[in-house]
Amino acid sequence: MEQLDDGREVYLNGQRIKVSEVPIFRKTLALNNQYYALQRTHPQVHTYQENGRTYDIAFKVPRTINDLRQKHQAYQEIAQSNNGMLGRTPDFLNTGMAVLAERSAFLGHNQYTDFGENAKHYAEWIKENDVFISHALQNPQLDRQKAINGIPSGYAGVHVLERTADGIVVSGAKMVNTMAPIADDLLVFNPPELLLEKGDTSYAVAFATPLNNPGVKVICRKLLDHPGYTEDDYPLSNALDEIDAYIVFDHAFIPWNKVFVENDVEMSNRFFIESGMFIHTSHQDEVRGITKLEFATSLAIRTAHVLGLDGFLGVQEKLGRLTANLELIKGTITRSEEEGHLDEFGIYTPSQQALLAVRSTLPEFYETALKAAQHFAAGSMVGVPGFAEFKGENGPLLEQALTTDRAEAQDRSKLLNLVFDLTTAGFGQRQLMYEYYHGGDPMRIRSMHYHDENLSAGNAMLDNLLKR
Ligand SMILES: Cc1cc2nc3c(=O)[nH]c(=O)nc-3n(C[C@H](O)[C@H](O)[C@H](O)COP(=O)(O)OP(=O)(O)OC[C@H]3O[C@@H](n4cnc5c(N)ncnc54)[C@H](O)[C@@H]3O)c2cc1C
């Protein structure tokens, strides 16, 4: 943790802070580090050998369906260690690094440097050192009806101010970056949607930078934990906060060997998808997503049981809807693996249509599970006394009054606190927003899905029926 006090400029609530001094950051980093711990405790799944060295399985270039299945299991176990609440554990981008190293030649070169080689060497360096990277792609939502270059402040994206034989100097901003305060490195590029336009040339960059690079500022959003209360009161929000931050660049120098795209709108727009990072990180992301959906589904079912609601047919119908949704999502992830193909580099690549079906649907299924738990817990969850009451003069009374055949008073209260935290408190609302938006706007994902779907069988039937 103290290694993160490396001179990085992190701001919280108006103050420049040391990351190690924020209790919720310490807890979040400890949970995030389960990624590393599992390499030691469950190496059969979490590691693989290459040239006599051991690496995390995320870095393995998948060549067969079994490689993808092993990665699936590893992602799932990492996600289970945080109940699916940490979206950006290191395995997310590391699986992207594996394929970037293989596919980077398309990035080309300029008079100073070879971008393809830079990306390859960067990805290899991340792998050799198991560095924790986060990523910032989305540009600030200042005025979406204007091109980035039509917004004169210079903060509608990150742009190049100066280029020399040594590298580039950049300024500007990225809208939000999850985990930035506690990551080691930051990968900056532009999104595959909301594409850059012709005049946006100086914004057409992709690069990596250490988070303690002078000129990089990490300005955190407000924290979502509840100091003064315990994890019995707030079982999730007092245990972790996958902190999001606004990232500002103020004349930050980036050496050429960390630059992957520069001064090239078309390449900037192609970077995420053509590097293979989009599809392979999506696989990790959706496996993590189902893990969270499983958690929310079980929470709704446990709540219905503890409150004595699960005997009602109408409630069972709601619960059956949740379990059916879970099966559909699990099946679609499996389908993405089974319908995979070898790309032109011999990389076994999951089906994008199956993964995007999950990405566009999972947020609604997740929200349905939350709503079910929230409606079951109804008034109970807002009437739960603070846990300190159990130790005060009202303790014996509360123990007696809140104990039922189905649960002891404190167990029941903790469950209801968990429902409140995940469905109603700021933490839970942020998690819901995360599911909706972290992987891009669902509206655009659905539009992309419809364009790419293979409808030949349906169309053949239609043509046959309609022919005259
Ligand atoms: C919790 C959280 C964590 C995140 N973490 C990261 C991160 O680590 N790194 C990162 O880079 N990004 C991150 N993001 C940002 C995420 O990538 C974006 O939120 C997402 O891509 C959607 O983009 P946007 O928010 O800019 O919304 P926009 O694309 O601006 O859309 C906003 C709204 O306007 C509507 N809209 C926009 N354009 C149109 C149009 N042409 N027609 C009709 N409607 C339109 C959309 O439907 C949507 O409802 C995070 C987001 C969240 C919520």
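Colleague: In which helix of this predicted model is aspartate 67 found?

Modeller: Aspartate 67 is found in helix H4, which covers residues 65-80, and the model in which we see it is a predicted one.

Colleague: What makes the pair formed by aspartate 67 and lysine 60 a polar contact?

Modeller: The side chains of aspartate 67 and lysine 60 are joined at 3.2 Å, and since a polar contact requires a pair of N or O atoms within 3.5 Å, the value of 3.2 Å meets that cut-off. Leaving aside residues up to four places away in sequence, aspartate 67 touches Lys60, Val61 and Pro62.

Colleague: Turning to the sheets, what makes strands S5 and S12 edge strands?

Modeller: The sheet in question is open and mixed in its pairing, with four strands in the order S5-S8-S9-S12. Strand S5 (133-136) and strand S12 (259-262) each have a single partner strand, so one side of each is left without a neighbour in the sheet. Between neighbouring strands of this sheet the turn is 20° on average, direction ignored.

Colleague: How do you know that S8 and S9 count as paired?

Modeller: Pairing asks for at least two bridges between two strands, and strand S8 (residues 185-188) and strand S9 (residues 205-210) share four bridges in the antiparallel sense, so the two strands are paired by that criterion. At valine 188, the bridge partner in S9 is phenylalanine 207.

Colleague: Which helices lie across or pack on this sheet?

Modeller: Helix H6 (residues 115-129) lies across S5, S8, S9 and S12, running at about 145° to S12. Helix H7 (residues 265-274) packs on the sheet as well, touching S9 and S12, and its direction makes about 135° with that of S12.

Colleague: What makes S10 and S11 a pair?

Modeller: Strand S10 (residues 216-220) and strand S11 (residues 244-255) are linked in the antiparallel sense over five bridges, and as at least two are required, they qualify as a pair. Within this pairing, valine 216 has phenylalanine 249 of S11 as its bridge partner.

Note on methods
Residues are numbered from 1 along each chain as its sequence is written. This is a predicted model: local features need pLDDT of at least 70, side-chain atom pairs count only at pLDDT 80 or more; totals for chains, interfaces and linings use all residues. Side-chain values use heavy atoms; hydrogens and water are left out. Axes are lines fitted to C-alpha atoms, for helices over the stretch in contact, and angles run from 0 to 180 degrees between N-to-C directions. Contact means heavy atoms within 4.5 Å. A polar contact is a pair of N or O atoms within 3.5 Å; within protein, one must be able to donate a hydrogen and the other to accept it, and residues adjacent in sequence count only if both atoms are side-chain atoms.
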